[in-house]
Amino acid sequence: MTLRLSGVGYRYAGATRPSLLDIDLALPNGSVVGLVGASEAGKTTLCLVASGLAPRVVGGQVRGTISLDDEDVDAWPMHRLSQRIGIGFQNPATQLSQVASTVFEEVAFGPMNLGVDRSDVVDGTWAALGSLGIEDLAGRDPARLSGGQQQLVAMAGLLAMHPEHLVLDEPTAQLDPAGTRLVGAAISQLAADGVSILVTEQKTDLLAAIASSVVVLAEGRIALSGPTDEVLADPRLADLGVAEPAAVRLRRAATSAGVDTARLEAALRD
Amino acid sequence: MARSLRLTDPARIPANSPGRGIPDVIGRPGPSPFHRLNPLTKATLATTTAVAAVVLGGLVGPSILVGAAVIVPAAMAGVLRRLLVMAAILALPIALSAFLINLFFFPGGETVLLRIGPVAATAEGLGFAMEILARILAISGAITLFYLTTRPADLVVDLERRGVSPRAAFVINASVQTVPAMVERAGQITAAQRARGLDTEGSIWRRVRGIVPIVGPVILGSIAEVEERTMALEARGFSRPGRRTLLWSPGDSSREAVLRWAMVLALAALIVGRMSGAWQ
């Protein structure tokens, strides 16, 4: 199962120039692809296009081909696509349905929309809550949760839909370190279970830990891409508006200070 | 197509999960027999009471309705005090203006009770104003009783169970739920603006001037969120045609169905009797 974007470009309705150009990207089973770039590089737009929301909901024009398992999804309606590709946004408040009076109903909202059998909805909802360690919130009012808790609830809502591909636009933007670790662990576990994930993140330390490859966007184009270690250690990263991971900065500082980098690498691995 | 996803596989439900059912708080029965009536029964009672108060007219009919369909059920449900306060707040602006206008400007009023400058309160105006007041109290009381004893989500789930489209049900529910969300947002924006020096206290003019920087962001912020909220809904299969799965639905009984039909038929008979002139 591979989500593939081939030569994809996208222009918002009314925009004078495209926001994405010549994007080639493949998300095979079990891969975690990190997406980084400066502000307005096109990260969120790429998430919208990859998930199918653009142009189906957002409008605008897409060029190129988006396929699932080599099948062009151009004619698929959004509700069909949403059963295969899940998307999470950075603002937790807008991801909540606003009609659920409990977290349990909020997480179950997606599977209920899809007409999944009731017992499967219930079991899947508990499992999704459990995977993020938030079963205790099941009976709480989603509107009364903190931003971080709401983000975890929104994530659980995506997991409950059992997507094959997941697009996450800065899922940890409002999370504390513990919440970030939970989301990171959930992403890694999902990937181990075969889900492919495209995740936009400012926290390159997190990407260094969970991503199998990283794509750097600049002005709507792919500026760098490749294995995580190589891309996140690329000296051009800072010029592209991306913060290097702490480990990379540490290595660089150690090298310039004449520290034994072999011993440092061993310590970092430990 | 393999759709298994072990992370969310039911077999991996943590041992400390509350269980495989839905949490107790969902669909928890209300505290009184009136609370536990089916939401549609309570909605029918509220609607027929409000319409009947208008159709009946006069002072006696609406007053009996207020007693029988509002006060007594509210007392049974244990919400009488809250109902009186809320219904009064809800009805006060319109009740006060309607009462004063009819009291002082009732056309054809001859028996003067009180004269204030060029206007006079008349006995005929007072009688008509009391009739209007009785209708307003019946309507506001019926609506308030429904609101105090029914969770919006319960009504929506019940309507969906009866075949109302999920989109219509969502619109009803979201409309009700949006009000507290906007009130909360207004509170946050007020606090933020005050922290930046906005003066929302003092003279009326200062308060009015202070409203603009609060109302603008509340409305614009809500509009700005619509697109992202729409996308989130679409990504969760909201536009899928067909019935949704329901986790639970409020109880109903044949006795309640008979009661609902009886209320509707009684209202229909009242309207027909009134329109045909058979009953004045």
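Axes are lines fitted to C-alpha atoms, for helices over the stretch in contact, and angles run from 0 to 180 degrees between N-to-C directions. Two packed helices are described by the angle between their axes and the distance between the axes. The structure is a predicted model, in which local features need pLDDT of at least 70 and side-chain atom pairs count only at pLDDT 80 or more, while totals for chains, interfaces and linings use all residues. Residues are numbered from 1 along each chain as its sequence is written, and chains are lettered from A and ligands numbered from 1 in the order in which they are written.

Helices (H or I, at least four residues) and strands (E, at least two) are DSSP runs, numbered from the N terminus. Helix 5 of chain B (residues 152–161) and helix 6 of chain B (residues 166–195) have axes that come within 9 Å and cross at roughly 175 degrees. The two helices are therefore roughly antiparallel, a label given to angles over 145 degrees, with under 35 counted as roughly parallel, 65 to 115 as roughly perpendicular and the rest as oblique. Two residues are in contact if their C-beta atoms, placed from the backbone, lie within 7 Å. From helix 5 of chain B, Pro152(B), Ala153(B), Val156(B), Leu159(B) and Glu160(B) meet a set in helix 6 of chain B that includes Pro166(B), Ala169(B) and Ile172(B). By class, this contact has eight nonpolar, two polar and one charged residues; here Ala, Val, Leu, Ile, Met, Phe, Trp, Tyr, Cys and Pro count as nonpolar, Asp, Glu, Lys and Arg as charged, and the others, Gly among them, as polar.

Stepping back, chain B has eight helices and two strands, in the order α-α-α-β-β-α-α-α-α-α along the sequence. Its radius of gyration is 25 Å, well over the 19 Å that the globule rule gives for 280 residues, so chain B is more spread out than a compact globule. The radius is taken over C-alpha atoms, and the rule is 2.2 Å times the number of residues to the power 0.38. Along the principal axes, the C-alpha trace of chain B spans about 85 × 60 × 35 Å. A residue is buried if 20 or more other C-beta atoms lie within 10 Å of its own, exposed if 12 or fewer, and partly exposed in between, with C-beta atoms placed from the backbone. Buried residues account for 29% of the 280 residues of chain B. Among chain B contacts between residues at least 6 apart in sequence, 70% join residues at least 24 apart.

Domain bounds come from an automatic or database domain assignment. For chain B they give domain 1 (39–150) and domain 2 (163–234), whose C-alpha centres lie 31 Å apart. Ile223(B) sits in helix 7 of chain B (residues 204–234) and counts as exposed, with 9 C-beta neighbours inside 10 Å. Ala195(B), in helix 6 of chain B, is exposed with 8 other C-beta atoms within 10 Å.

Chain A has 12 helices and 10 strands. Its radius of gyration is 19 Å, close to the 18 Å from the globule rule for 270 residues, so chain A is as compact as a globular protein of that length. Of the 270 residues in chain A, 52% are buried. The domain assignment gives domain 1 (3–84 + 166–173 + 194–269) and domain 2 (90–162) of chain A, with C-alpha centres 26 Å apart. Six residues of domain 1 of chain A are in contact with five residues of domain 2 of chain A.

Helix 5 of chain A is largely enclosed by the rest of the structure, because 11 of its 11 residues are buried. Among them are Val103(A), Phe104(A) and Glu105(A). The cover over these buried residues includes helix 6 and helix 7 of chain A. Just after helix 5 of chain A, Gly115(A) takes a positive phi of about 75 degrees.

Finally, the two chains meet in a contact that takes 53 residues from chain A and 45 residues from chain B. Helix 6 of chain A gives the most to the chain A side, with 10 residues. The residues of that side divide into 26 nonpolar, 22 polar and five charged.
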